[in-house]
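Okay, thanks for making time, everyone. Let me put the structure up, and then we'll walk through it piece by piece.

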Number of protein chains: 2
Amino acid sequence: MIAQPLTFMKRDIFQAIADPTRRAILVLIATQALTPNALADQFDITRQAVSKHIKILNECELLKQEKVGREIYYELKIDKMKEVDQWLEQFRKIWENRFDQLDNLLTKLQSEKDES
Amino acid sequence: MIAQPLTFMKRDIFQAIADPTRRAILVLIATQALTPNALADQFDITRQAVSKHIKILNECELLKQEKVGREIYYELKIDKMKEVDQWLEQFRKIWENRFDQLDNLLTKLQSEKDES
DNA sequence: TATTTATGCAACCAAATGATTGCACAACCA
DNA sequence: TGGTTGTGCAATCATTTGGTTGCATAAATA
C-alpha cells in the first residue's frame with residue numbers, strides 16, 4: 001500500500017465543503033459576520049439544522065466567532081480556504097502546463113505557415 | 001439521454017473530492033492512465049470498493065476511459081477540476097484583497113517612518 | 001478447450017449524515 | 001420579576017455512504 005491519507009482529523013475541509021448548504025453558509029459569512037439566526041433565515045431548514053452545520057464548520061476551524069450579548073457572530077476564517085487552493089495547486093500545474101504546450105504548438109504552426 | 005441536466009446531477013465534484021480515497025485516486029490518475037486493478041493495489045480496500053469510487057468519479061464526469069482488451073484505463077479529466085478552482089475564486093479575491101490592503105498599510109507605515 | 005484474469009454489478013451491513021422535535025439556559029426587555 | 005429571544009445540546013429518524021462478499025461475463029492464455 002502506497003497511497004493513504006496521512007492525517008486523521010475527524011473532519012477535514014473537504015468534508016466541510018461537500019454539503020451545498022455549508023458551501024452557501026461559507027459564502028455568506030465570507031464578507032460579513034452573521035448570527036445563527038440570521039443565517040437560518042436564508043435557508044429552508046430549521047435553525048437547529050443550521051446550527052449543526054455551524055458546529056461542523058467550527059470543528060474544521062473554518063470560523064471566527066465573536067459573542068455580543070447573547071448573540072454570536074460567525075465569520076469565515078478565509079485563510080483556511082487556502083488549504084483547498086493548495087490541494088488544487090498540483091492539478092493547476094498540470095492544466096497550465098498543458099495549456100502552455102498547446103499554446104506553443106499553435107505558435108509553431110503559425111510560424112510554419114508564415115514561412116511558406 | 002444525450003446531455004444530463006446540469007442542475008440535477010446526482011453528485012457534484014465537491015462530493016467527489018470529499019472522500020480521502022477518491023482524492024488519492026484523482027492524484028494518481030492525474031498524470032497517467034491506470035486500470036482499476038492497478039489503482040486497487042495502492043489501497044487497503046478491496047478492488048470492488050475502488051471500483052465503486054471509480055463509478056462515483058465517473059458519474060461526476062471526472063474520468064476519461066480507454067478500453068484495451070479487457071483492461072480499462074482511467075485518467076483524470078483535468079479540466080473538470082477547474083470547477084473547484086472557479087468556486088474558490090470568490091474566496092481568493094477576498095484573501096488577495098486583504099493581503100493587498102495589509103501590504104499597502106505596511107508600505108505606508110514604512111514611508112512615514114522614512115519621513116521622520 | 002479449460003482455466004485464469006480483469007472488470008462490473010448486486011446484496012448486504014455498520015456507520016455517518018442531515019434533518020427533525022423538544023428542552024435547557026442565559027441574556028435581554030416590559 | 002416574568003416573558004421573550006438567541007443559542008446549543010440530546011434524542012430520534014430516514015437516507016446515504018463506504019465497505020464487504022459473491023457472482024457473472026468477457027478477454028487472455030495454457
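So, at what angle do the axes of α2(B) and α4(B) cross? Roughly 75°, and the axes come within 10 Å. Before I go on, some housekeeping: this is a predicted model, where local features need pLDDT of at least 70 and side-chain atom pairs count only at pLDDT 80 or more, while totals for chains, interfaces and linings use all residues. Residues are numbered from 1 along each chain as its sequence is written, and chains are lettered from A and ligands numbered from 1 in the order in which they are written.

Back to the helices. Axes here are lines fitted to C-alpha atoms, for helices over the stretch in contact, with angles running from 0 to 180 degrees between N-to-C directions. And the elements are DSSP runs numbered from the N terminus: helices are H or I with at least four residues, strands are E with at least two. On the angle scale, under 35 degrees is roughly parallel, over 145 roughly antiparallel, 65 to 115 roughly perpendicular, and the rest oblique. Therefore α2(B) and α4(B) count as roughly perpendicular to each other.

Who meets whom there? On the α2(B) side we have B:Thr21, B:Arg22 and B:Ile25, and they meet B:His53, B:Ile56 and B:Leu57 in α4(B). Contact means that the C-beta atoms, placed from the backbone, lie within 7 Å. By class, that contact has three nonpolar, two polar and one charged residue. For the classes, Ala, Val, Leu, Ile, Met, Phe, Trp, Tyr, Cys and Pro are nonpolar, Asp, Glu, Lys and Arg are charged, and the others, Gly among them, are polar.

Now chain A. Helix α2 (residues 20-28) and helix α4 (residues 47-59) of chain A pack at about 75°, axes 10 Å apart. That makes α2(A) roughly perpendicular to α4(A). A:Thr21, A:Arg22 and A:Ile25 of α2(A) make the contact with A:His53, A:Ile56 and A:Leu57 of α4(A).

Next, the core. A nonpolar core is a set of buried Ala, Val, Leu, Ile, Met, Phe, Trp, Tyr and Cys residues joined through C-beta atoms within 7 Å. Buried means 20 or more other C-beta atoms within 10 Å of a residue's own, exposed means 12 or fewer, and partly exposed is in between, again with C-beta atoms placed from the backbone. The largest core has 41 residues, and those with the most contacts inside it are A:Ile13, A:Leu57, A:Leu62, B:Ile13, B:Leu57 and B:Leu62. Not counting residues up to four places away in sequence, A:Ile13 touches A:Cys60, A:Leu62, A:Lys80, A:Glu83 and A:Val84.

How do the two chains meet? The contact takes 26 residues from chain B and 24 from chain A. On the chain B side, α1 (13-16), α2 (20-28) and α5 (82-115) each give two or more residues, and α5(B) gives the most, with nine. That side divides into 16 nonpolar, four polar and six charged residues. One spot to look at is B:Ala30, in the loop between α2 and α3 of chain B. Leaving aside neighbours within four places in sequence, B:Ala30 is in contact with A:Phe91, A:Ile94, B:Leu76 and B:Ile78. With 16 other C-beta atoms within 10 Å, B:Ala30 is partly exposed.

Then the DNA. A residue is near a strand if its C-beta atom, placed from the backbone, lies within 6 Å of it. DNA strand C is surrounded by 23 residues, the closest being A:Thr46, A:Gly69, A:Arg70, B:Thr35 and B:Asn37. For DNA strand D, 23 residues surround it, and the closest are A:Thr35, A:Asn37, B:Thr46, B:Gly69 and B:Arg70. There α4(A) gives the most, five residues.

Phi of A:Glu61 is near 60°, a positive value in a residue other than glycine. A:Glu61 sits in the loop between α4 and β1 (63-68) of chain A. In chain B, phi of B:Glu61 is also near 60°, and B:Glu61 lies in the loop between α4 and β1 of chain B. That's my tour, so over to you.

Definitions and conventions. Two residues are in contact if their C-beta atoms, placed from the backbone, lie within 7 Å.
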